[in-house]
Amino acid sequence: MSRAQPYLSGLLLAGRRVLVVGGGTVAQRRIPRLLRSGARVEVVAPEATPAVEAMATAGELTWTRRAYRDGDLVDAWYALACTSDAVVNEEVAREAERARVFCVRADLAVHGSAVTPAVGTHDDVEVGVLTGGRPRRSAAVRDAVVAALQSGVVDDHAEPAAPGVALVGGGPGDPELVTVRGRRLLARADVVVTDRLGPRELLEELGPHVEVVDAAKIPYGRAANQDVINELLVRHARAGKFVVRLKGGDPYVFGRGFEEVLACVEAGVPVTVVPGVTSAFAVPAVAGVPVTHRGVAHEVVVVSGHVAPGDPRSLTDWPALARLRGTLVLLMGVDRLDAFARVLLEHGRAADTPVSVIADGTMTGQRVLRSTLGEAAERVRAEDVRPPAVIVIGDVVAVGGDAGEA
């Protein structure tokens, strides 16, 4: 005779007592979703992991610091037996059976009265998968379903997206480094306004009905005036379209994103901002350069290099930057590197300060040039390094060695 299948149901636990017996790593994995549900979580355990203890200290849950006792399930709506002792877990399950409280046994699911599915979240959609006691299969199916929802392969919206604009940070270039929410909104777009720094491969995933507008903001080449981009966003949104403005990195890190937000707000167009992984930190990381490191750098400053030192438009105090001992990350500075290096050297930075120049970071054509502040500009010219590139100046460059160049 085949075994009975579990009955899937969503428990509304907000404000209701849930008892977790055990404070180890299994409990640590299960508790956050219980807290998210609004449950009043009580942990009964003589010891707990630092993470569980921190949740108790923060007041997110109650920790009764002792071993389980019969009667602990009084007034509980749900229970999880998560200790490493099978005897204790069995005692919890027996009390739960007497008290008619559904109980999950983490060590032996078939001996409990409830089982925990592999759960994933996409927007406001909860996905739970059970595969008859095969947790790896459950996790694999869960991951595949959530990935399909996130990529838009499975459309979970019965209605089209409401007109408006989503400002999406696409990350440093690798399409896998865009945020989950960014990819989800991109899958729902009617119009995508992008530029050369946005992750290009993501455009291949768009449906044939999606209009792609290339802002063509190529440094020192063809450029779409920012006012024109603002007008495009507003015009398409007012025409009833859901518009995604896909930008490289993070929209607010030298991306002029807030100018686009202000234009939408002034026009009465709903706008959503999705932060992105900034190339200022991600590109050095992929290239093996930690922008901070204990005992080496306690500060990191990100500077725009779109105008040279001494230019009336410059808002940067270059002499002050030269006196700092930490890390300087320079964006959009390849073509003016000689000027930046000169002013830093003039005001105190040592000529042998390590420098790393990472071109096309996170992409298949990534190039990493390691040099010193005194020689970097000449090396960049000699090796014809072109934008986009991230320049890291500081002792952190020497920490990673060649870790990111393989």
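This note goes through a predicted model of a protein, from its overall form to single residues.

1. Overall form. The protein has 406 residues, and whereas a compact globule of that length would have a radius of gyration near 22 Å, the protein has 27 Å. Its C-alpha atoms fill a box of roughly 80 × 55 × 40 Å, taken along the principal axes. The secondary structure comes to eleven helices and 17 strands.

2. Interior, contacts and surface. Of the 406 residues, 43% are buried. Among contacts between residues at least 6 apart in sequence, 62% join residues at least 24 apart. The protein exposes about 21500 Å², and carbon and sulfur atoms supply 53% of that area.

3. Which residues of helix 10 are buried? In this helix, which covers residues 337-346, they are Leu337, Ala339, Phe340, Ala341, Val343 and Leu344. After helix 10 comes glycine 348, whose phi is positive, near 125 degrees.

4. Arginine 105, a charged residue under cover. Arginine 105 lies in strand 5, which runs over residues 102-105. Is this arginine buried or exposed? Arginine 105 counts as buried because its relative accessibility is 4%, and the cut-off for buried is under 20%. The side chain of arginine 105 is joined to that of glutamate 90 by a polar contact of 2.5 Å. Leaving aside neighbours within four places in sequence, arginine 105 is in contact with Ala81, Ala86, Asn89, Glu90, Ala93, His111 and Gly112, so that a student can look for glutamate 90 among these contacts as well.

5. Serine 304 and its partners. Serine 304 is placed in strand 13, residues 300-304, and it counts as buried because its relative accessibility is 10%. Its side chain makes a polar contact of 2.6 Å with the side chain of histidine 306. When neighbours within four places in sequence are left aside, the residues in contact with serine 304 are Phe254, Leu330, Leu331 and Met332.

6. Backbone angles to check. Most residues other than glycine have a negative phi, and most peptide bonds are trans. Methionine 332, one of the contacts of serine 304, is not a glycine and yet has a positive phi of about 55 degrees. This methionine is found in the loop between strand 14 and helix 10, and it counts as partly exposed because its relative accessibility is 42%. Arginine 256 is likewise not a glycine, and its phi is positive, at about 60 degrees. The place of arginine 256 is in the loop between strand 11 (242-247) and helix 7 (257-266), and with 41% relative accessibility it counts as partly exposed. Finally, the peptide bond from proline 387 to proline 388 is cis, with omega near 0 degrees, and proline 388 is found in the loop between helix 11 and strand 17.

7. Arginine 33 is found in helix 1, residues 25-36, and counts as partly exposed because its relative accessibility is 35%. Although arginine 33 and valine 119 are 86 residues apart along the chain, their C-alpha atoms are separated by 9.3 Å. Not counting residues up to four places away in sequence, arginine 33 touches Val119, Thr121 and Glu126. With threonine 121 there is also a polar contact between side chains, at 3.3 Å.

8. Proline 117 is found in the loop between strand 5 and strand 6, the latter covering residues 118-122. With a relative accessible area of 23%, proline 117 is partly exposed. The C-alpha atoms of proline 117 and alanine 139 are separated by 8.7 Å, while the two residues are 22 apart along the chain. Not counting residues up to four places away in sequence, proline 117 touches Gly128, Val129 and Leu130.

Definitions and conventions: Residues numbered from 1 in each chain as written. Predicted model: local features only at pLDDT ≥ 70, side-chain atom pairs only at ≥ 80, totals over all residues. Heavy atoms only, no water. Helix = DSSP H or I, 4+ residues; strand = E, 2+ residues; numbered from the N terminus. Buried < 20%, exposed > 50% of the residue type's maximum accessible area, 1.4 Å probe, protein only. Polar contact = N/O pair within 3.5 Å; in protein donor to acceptor, adjacent residues only side chain to side chain. Contact = heavy atoms within 4.5 Å. Rg over C-alpha atoms; globule rule 2.2 N^0.38 Å. Areas by Shrake-Rupley, 256 points an atom, 1.4 Å probe, with all protein chains shown as cover.
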